[in-house]
Number of protein chains: 4
Amino acid sequence: MVIVMAPEATQGDVDAIVEIIAAAGGSAFVSRGVSRTIIGLVGDIDQFSTLNLRGLRGVADVMRVSAPYKLVSRDNHPERSTIRVGGVPIGPDTVTLIAGPCAVETPEQTLAAARMAQAAGATLLRGGAYKPRTSPYAFQGLGEAGLRILADVRAETGLPIVTEVVDAHDVDLVASYADMLQIGTRNAQNFALLQAVGGVGKPVMLKRGMNATIEEWLMAAEYIAQRGNLDIVLCERGIRTFETATRNTLDVSAVPVAQRLSHLPVIIDPSHSGGRRDLVLPLTRAAVAVGADGVIIDVHPRPELALCDGPQALVDGDLDELARVMREFPPLLGKTAAGDALATV
Amino acid sequence: MVIVMAPEATQGDVDAIVEIIAAAGGSAFVSRGVSRTIIGLVGDIDQFSTLNLRGLRGVADVMRVSAPYKLVSRDNHPERSTIRVGGVPIGPDTVTLIAGPCAVETPEQTLAAARMAQAAGATLLRGGAYKPRTSPYAFQGLGEAGLRILADVRAETGLPIVTEVVDAHDVDLVASYADMLQIGTRNAQNFALLQAVGGVGKPVMLKRGMNATIEEWLMAAEYIAQRGNLDIVLCERGIRTFETATRNTLDVSAVPVAQRLSHLPVIIDPSHSGGRRDLVLPLTRAAVAVGADGVIIDVHPRPELALCDGPQALVDGDLDELARVMREFPPLLGKTAAGDALATV
Amino acid sequence: MVIVMAPEATQGDVDAIVEIIAAAGGSAFVSRGVSRTIIGLVGDIDQFSTLNLRGLRGVADVMRVSAPYKLVSRDNHPERSTIRVGGVPIGPDTVTLIAGPCAVETPEQTLAAARMAQAAGATLLRGGAYKPRTSPYAFQGLGEAGLRILADVRAETGLPIVTEVVDAHDVDLVASYADMLQIGTRNAQNFALLQAVGGVGKPVMLKRGMNATIEEWLMAAEYIAQRGNLDIVLCERGIRTFETATRNTLDVSAVPVAQRLSHLPVIIDPSHSGGRRDLVLPLTRAAVAVGADGVIIDVHPRPELALCDGPQALVDGDLDELARVMREFPPLLGKTAAGDALATV
Amino acid sequence: MVIVMAPEATQGDVDAIVEIIAAAGGSAFVSRGVSRTIIGLVGDIDQFSTLNLRGLRGVADVMRVSAPYKLVSRDNHPERSTIRVGGVPIGPDTVTLIAGPCAVETPEQTLAAARMAQAAGATLLRGGAYKPRTSPYAFQGLGEAGLRILADVRAETGLPIVTEVVDAHDVDLVASYADMLQIGTRNAQNFALLQAVGGVGKPVMLKRGMNATIEEWLMAAEYIAQRGNLDIVLCERGIRTFETATRNTLDVSAVPVAQRLSHLPVIIDPSHSGGRRDLVLPLTRAAVAVGADGVIIDVHPRPELALCDGPQALVDGDLDELARVMREFPPLLGKTAAGDALATV
């Protein structure tokens with residue numbers, strides 16, 4: 001950490017800080033500039049966290065120089081991780097396609113969507129039984145009945161299930177059905193929920209909060225990791241900006257940035273960021289090309305009847321192009337589509 | 001609702017929509033323009049919500065023309081509401097000062113902060129026992145022990161308590177101690193929590209999500225209201241923008257906008273938005289002047305030792321000025337400081 | 001246009017509006033809903049623009065339903081345009097690589113950078129002689145001396161020149177050297193400059209303002225088009241958001257959105273958006289994959305000595321990978337790298 | 001400045017930097033931490049600006065610790081400045097009301113608006129003859145004819161004139177009529193224009209760019225100051241955020257922040273930020289209460305006929321309340337309304 005002193009700080013202010021740091025077991029190096037003095041702190045950052053340095057006399061600013069996350073940081077785990085979900089890999093060597101309906105509505109709709117997903121090369125099935133909706137008057141999902149439908153469709157298709165959990169006290173229930181738990185963008189700082197999924201022993205897909213910096217996203221992952229669960233996949237899904245032509249602004253730069261800071265896999269959700277079907281395929285191509293370790297996509301057999309996010313679901317006619325993207329783009333990145341990776345086992 | 005057709009939409013597309021609307025029990029009025037046709041829908045908006053109009057052939061855009069919230073809307077309740085918390089009013093006739101420590105740390109610290117709050121004219125005590133923190137390594141609050149301290153300080157000072165709840169399943173416990181439950185900015189779309197506080201029969205202070213539009217904030221209030229609880233106070237606390245000189249950007253315009261759209265009282269938190277002590281008093285003056293129905297402010301007897309948000313807490317020397325603001329500004333708005341309102345009863 | 005009346009609007013308010021619209025030569029269709037009345041306006045939007053409809057009694061909102069730009073709109077020109085710069089195409093069939101130094105510093109540096117650009121497959125040379133800098137104390141460019149260097153390097157390499165103009169009254173001078181004029185992000189709403197480049201008869205590359213919506217960007221293009229110049233290439237270069245890990249957030253979704261709204265070609269600048277060399281190649285891949293009609297990239301023979309934006313310039317070791325991206329990705333989009341397109345002529 | 005080394009940086013990397021700094025005439029102090037080494041640089045920041053430190057081997061980050069602006073900084077000029085415009089003060093002791101029509105349309109409209117402004121206590125007249133408009137099809141102002149109208153109204157009313165200039169080459173012309181030149185939000189980084197107004201010897205009102213950080217705003221002021229003109233008034237007018245209920249988000253915190261960083265006066269424009277008449281008076285109260293040194297407000301005798309921004313103009317019925325705010329609020333801040341300040345001379 002670096003402390004920047006105010007121009008009017010006195011020698012006494014500087015001495016007092018040096019003493020406080022020493023008392024906390026650290027060392028302080030003073031650099032006296034023309035207009036400002038800076039103090040470099042050496043020691044464990046956690047030692048200093050309760051000192052409230054910013055409140056000390058003469059202090060103008062305190063800058064951190066190392067990351068506040070540890071378990072998910074690449075500093076301490078230089079090799080990038082591969083997470084396995086029901087045997088399906090998500091990691092640096094593959095591009096995993098996760099697809100399915102935004103919300104589970106009926107057994108028929110879910111099975112039809114799963115077949116569409118498979119036709120496009122998906123190796124994991126997405127589908128929501130609990131839907132966090134902005135309006136209390138909107139469809140909130142089928143709950144456990146939806147989980148049962150997902151389990152039946154898994155039995156039928158062989159696709160492991162990714163599904164969202166929205167309340168800490170549903171975690172055990174959802175985990176008893178799901179192969180991977182999803183934390184949605186609105187719960188990206190619901191710390192009680194993060195801790196609960198950290199303790200349940202299932203892989204977690206952590207969507208970036210639509211207002212979260214990359215650092216905050218990694219801190220949310222740290223909450224999960226700290227409970228002993230490092231099977232975390234980060235999912236970029238668009239951030240909130242001033243632009244209104246798209247629902248959110250997909251931040252593709254976040255993929256290489258997060259992959260450099262953390263060893264966790266990073267995937268992209270091109271359906272929810274744009275909120276428009278005509279953007280899904282271009283953004284899927286961009287996602288694979290920027291180096292994402294996977295994509296998660298809404299498909300629906302009859303989107304005009306969908307109870308949730310119908311306007312962004314891919315339809316039958318889009319699947320060939322999606323399959324082509326998953327086939328042709330990963331090799332250019334030195335990656336294998338996860339479907340092909342499994343097929344060749 | 002208004003449907004805007006694409007330039008290439010056919011007469012058949014328009015007819016199909018008119019039919020669908022009629023089948024749903026509504027009426028559709030077609031206005032054929034030079035380059036575009038628009039269709040005005042008349043009927044209950046809820047009738048149309050499952051129709052997925054945006055997915056129909058030839059539709060370019062669908063615009064809502066009425067608000068999606070109802071119970072909290074001023075359309076249906078033109079008079080602005082006054083909420084009472086342990087007898088203390090928050091509403092159009094008063095400016096209520098809520099003050100106290102960001103986090104409850106010890107009985108002594110909490111009592112000292114409460115005395116500071118009273119000295120400045122506060123009639124409600126704030127203090128957190130459960131703290132949602134970005135880092136899992138930061139102080140997370142004392143939990144129930146903190147609630148007991150708050151109850152003791154209430155007994156000592158007579159100040160009703162406002163305290164945060166962060167997990168749906170703690171709601172009953174927190175409500176058994178608190179006079180008002182606070183929902184923090186990170187939980188502004190934690191719908192399970194919103195529904196839980198909607199059912200517990202205590203007033204709720206709902207902070208605006210730092211990334212929430214005013215409409216989303218009112219929809220979050222609607223979640224609470226829908227469970228039968230209309231004792232809701234909205235609290236603007238800054239939104240996330242590109243500016244980094246302040247922690248968040250206090251959106252004072254949100255006060256008159258929300259007061260016009262909703263009958264609920266609207267207060268401002270000038271401590272957390274700026275994140276800097278030197279901004280708290282100027283922003284408090286702006287809050288009262290723009291017409292806020294109250295302010296909620298961090299005070300701490302020794303901020304340099306605070307376990308949470310010390311840099312923004314007011315200290316002893318600031319209290320006289322805070323008291324002056326609370327005394328001199330409300331009358332210029334035709335309001336009474338809530339402390340004076342109680343004193344004259 | 002659609003006028004939404006306030007709930008309290010009277011029949012008289014509605015009648016008055018119908019009359020005003022009729023007097024302006026348009027027609028008004030009234031749809032009376034349960035809680036709101038809406039009025040659809042039919043006629044030329046320009047007729048209504050001076051009416052200040054929002055200020056009329058009883059009006060709650062006025063919504064536009066057609067785009068405010070015309071000459072650049074795809075509505076009136078469904079086929080996407082190809083612009084030629086010194087013979088080099090930028091358009092739907094190609095992916096054009098524009099590369100060179102951020103700033104022209106010396107003849108040697110500029111020539112070396114141009115050779116690097118050519119080695120990577122570039123067919124146009126970028127280079128700034130006038131640099132808009134946030135600080136008045138930073139290097140502001142060589143001015144006309146820089147233009148002369150660019151002209152010499154063009155003579156030596158055969159690469160047409162793209163260079164920025166920052167002042168309306170330099171437009172003739174810059175146009176006398178350049179093959180394409182660039183409008184930078186800080187001048188995206190400098191209307192005097194936009195009009196000046198509209199009148200000079202050279203192709204224009206219009207960077208998106210870092211705070212401009214896609215609609216405002218197209219309106220800026222309309223300013224140029226209105227002066228008779230339709231040889232415009234739109235360039236997405238990142239928008240300002242709350243994220244600080246990157247200088248700006250590259251909005252790749254803007255490419256398919258703008259291509260759908262406008263017939264003009266759309267390219268991406270992956271160097272300035274990220275501001276970091278390690279992001280340039282991933283973002284270049286994403287740019288080509290999302291469907292951009294070209295990319296513009298900083299290269300520098302010795303970035304550690306660059307007078308401007310050195311940290312983001314590609315170096316020699318990156319060129320092979322850039323060349324590979326330009327060779328392998330465009331065919332997957334049904335496009336040809338512009339270099340190959342020229343080579344096969 | 002502080003250089004933060006990457007974890008993998010070697011001793012040789014550190015030594016190389018120390019040497020480079022010494023060669024540039026500075027000193028480097030090395031603090032070796034557990035995981036990172038930091039190097040504090042002492043010397044004139046301008047010495048280091050061409051070194052491209054970020055590009056050196058082993059460097060992870062470079063942090064500035066002092067402000068990049070000088071002439072406008074309060075560090076070098078601790079006392080806050082008062083600027084005089086035709087004898088009217090704008091500064092720490094006063095609250096100056098500037099009012100008038102958004103655009104000059106006719107002599108009658110301008111005179112009527114000026115009389116309204118005076119009735120509310122204004123001591124300066126605003127009015128635009130050159131209007132930067134998003135659409136090329138919108139009214140662009142009367143140009144020099146508008147300036148003549150302003151001059152006539154000044155002669156009639158005695159109110160000095162504040163008017164916008166949008167092109168560097170109109171500066172002399174506009175300055176020959178105006179008492180104060182205004183730089184609009186879209187030209188906040190039009191450096192050619194900033195330099196031109198820096199050289200013309202008239203006070204300048206510099207609006208904050210709607211996407212400018214406070215630091216960038218002060219750097220824009222530095223461009224003007226560097227040409228010898230320190231008669232600059234900063235004007236906060238709202239920044240662009242995700243919120244769409246208001247045109248922009250008025251950043252009242254920017255007033256105390258800018259007043260602390262710079263000695264220049266800071267005023268607020270409550271008309272353009274909200275874009276809605278019903279917000280103007282609440283935001284004016286907030287502006288004065290937060291400590292702004294003045295406000296600039298749109299008034300129009302018949303806003304429903306205004307050619308520009310009619311929906312936000314105050315009308316006759318609002319003037320009494322505006323006059324009351326200007327009379328009652330400044331004394332609570334220890335300030336005098338500028339009108340009263342003049343009256344008592």
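These legends walk through close-up views of a predicted model.

Local features here need pLDDT of at least 70, side-chain atom pairs count only at pLDDT 80 or more, and totals for chains, interfaces and linings use all residues. Residues are numbered from 1 along each chain as its sequence is written, chains are lettered from A and ligands numbered from 1 in the order in which they are written, and side-chain values use heavy atoms, with hydrogens and water left out.

**View 1. The open sheet of chain B has four strands in the order E2-E3-E1-E4.**
Pairing is antiparallel; strands count as paired if DSSP finds at least two bridges between them. Strands (E, at least two residues) and helices (H or I, at least four) are DSSP runs, numbered from the N terminus. At the edges sit E2 (27–32) and E4 (59–63) of chain B, each with a single partner strand, so one side of each has no neighbour in the sheet. From one strand to the next the twist averages 20 degrees; axes are lines fitted to C-alpha atoms, for helices over the stretch in contact, and angles run from 0 to 180 degrees between N-to-C directions.

**View 2. Strands E1 and E3 of chain B are joined by 3 bridges.**
E1 covers residues 2–5 and E3 residues 37–42, and the two run antiparallel. Look for B:Val2, which stands opposite B:Gly40 in E3(B). Helix H1 (residues 11–23) of chain B packs on the sheet, touching E1, E2, E3 and E4 of chain B, where contact means heavy atoms within 4.5 Å. The direction of H1 makes about 155 degrees with that of E2(B).

**View 3. Chain B meets chain D through 36 residues from each chain.**
About 2,900 Å² is buried between the two, with carbon and sulfur atoms giving 67%; buried area is the accessible area (1.4 Å probe) that two parts lose on being put together, summed over both. In chain B, the residues losing the most area to chain D are B:Phe242, B:Glu243 and B:Leu332, together 21% of what that side buries. There are 4 salt bridges between chain B and chain D, each a side-chain nitrogen of Lys or Arg within 4 Å of a carboxyl oxygen of Asp or Glu. The side chains of B:Arg260 and D:Asp278 form a salt bridge (2.5 Å, N to O).

**View 4. Chain B meets chain A through 40 residues from each chain.**
The area buried between chain B and chain A is about 3,300 Å², and carbon and sulfur atoms give 52% of it. Between these chains the count is 2 salt bridges. The side chains of B:Arg240 and A:Glu216 meet in a salt bridge (2.7 Å, N to O). On the side of chain B that touches chain A, helix H6 (191–198) and helix H7 (214–226) of chain B each supply at least two residues. H7(B) gives the most, with 5 residues.

**View 5. Chain C also has an open sheet, in the order E2-E3-E1-E4.**
Its pairing is antiparallel. Strands E2 (27–32) and E4 (59–63) of chain C stand at the edges with a single partner strand each, so one side of each is left without a neighbour in the sheet. The twist averages 20 degrees from one strand to the next. E2(C) and E3 (residues 37–42) of chain C run antiparallel and are joined by 6 bridges. C:Ser31 stands opposite C:Ile38 in E3(C).
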